[in-house]
Amino acid sequence: MEDDARLFDIIHTTRAMRRLKPDPVPDELIRKILEAARSAPSGGNAQQWGFIVVKDRPVKERIQPLYEQAWDEVAWPHYKARLDRMEPGPEKDTLVRQIDAVEHLTRHFHEVPVWIVACLEVGRDGGNPGSGASIYPAVQNMLLAARALGLGATLTTRHMAHGKEVDAVLGLPDGVRSFAIVPIGYPKGRFGPVRRRPLDELVHLDRWGAAYR
Ligand SMILES: Cc1cc2nc3c(=O)[nH]c(=O)nc-3n(C[C@H](O)[C@H](O)[C@H](O)COP(=O)(O)O)c2cc1C
């Protein structure tokens, strides 16, 4: 495959990999993922980010219950409301499978061999709604790099429901917040094309509502 074809293949097949093997991930691969992260853009190229590689099981075990608590409080009620609104059929079956995977990762979060926690210096006022724009490009680079290396990963943010407690476990100083936890490991499943809405439904020409062909 030509190099650019490989890039597009990676983009179109980087999906959330929530079922991961416990096997350790070599440090040189983690480094490559971190190199991809630091190549991302940030506002004004300020690069006010920090990445914590978490391998220590006790640290993960202190954070997993908070992530799981947010499943009960926020994520599951949200998914359940969606399920209740849906008629039986393939779409609902797909959502049920997705929920199974999300719940699996939740229960086994601490067993994933390595996490990278993406943090940003936001200042003492806690940042503004646009703050994430300076960290999520780095997170997406990590997901793509992990996929290119045959590793599974998922962008997760649910811990932010208990962000202060999580940040305290990680020893973050005042003015620094965690924006994502990316669990990384060798995938149990296979990579495949992502399911997304077609361009026809998403793209407009010059004005919202005008068809782009
Ligand atoms: C802002 C954001 C937050 C997310 N938080 C979580 C999370 O906390 N836990 C999780 O399992 N997945 C999380 N995801 C992953 C999405 O659920 C996933 O990317 C989406 O369902 C598409 O699935 P796919 O990547 O497998 O195609 C998050 C994704 C985004 C963009």
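This is a predicted model: local features need pLDDT of at least 70, side-chain atom pairs count only at pLDDT 80 or more; totals for chains, interfaces and linings use all residues.
Trainee: Okay, which residues surround the ligand?
Mentor: The ligand is surrounded by Arg 15, Ala 16, Arg 18, Val 102, Leu 105, Thr 154, Leu 155, Thr 156, Thr 157, Arg 158 and Val 194, where a residue is near a molecule if its C-beta atom, placed from the backbone, lies within 6 Å of it.

Trainee: And what does that shell have by class?
Mentor: The shell around the ligand has five nonpolar, three polar and three charged residues; Ala, Val, Leu, Ile, Met, Phe, Trp, Tyr, Cys and Pro count as nonpolar, Asp, Glu, Lys and Arg as charged, and the others, Gly among them, as polar.

Trainee: Switching topic, which residues of the largest nonpolar core touch the most other members?
Mentor: Of its 35 residues, these are Trp 115, Ala 118, Met 142, Val 182 and Ile 184. A nonpolar core is a set of buried Ala, Val, Leu, Ile, Met, Phe, Trp, Tyr and Cys residues joined through C-beta atoms within 7 Å, and a residue is buried if 20 or more other C-beta atoms, placed from the backbone, lie within 10 Å of its own, exposed if 12 or fewer, and partly exposed in between.

Trainee: Which element gives the most to this core?
Mentor: That is β2, with seven residues; helices (H or I, at least four residues) and strands (E, at least two) are DSSP runs, numbered from the N terminus.

Trainee: Now Glu 28: where is it, and is it buried or exposed?
Mentor: Glu 28 lies in helix α2, and it counts as exposed because it has 8 C-beta neighbours inside 10 Å.

Trainee: What about the phi of Gln 47?
Mentor: Most residues other than glycine have a negative phi. Gln 47, although not a glycine, has a positive phi of about 50°, and this residue sits in the loop between α2 and β1 (49-54).

Trainee: Why is Gln 47 called partly exposed?
Mentor: Gln 47 is called that because 15 other C-beta atoms lie within 10 Å.

Trainee: And where is Asp 206, and what is its phi?
Mentor: Asp 206 is found in the segment after α7 (199-202), and its phi is positive, about 65°, although Asp 206 is not a glycine.

Technical notes. Residues are numbered from 1 along each chain as its sequence is written.
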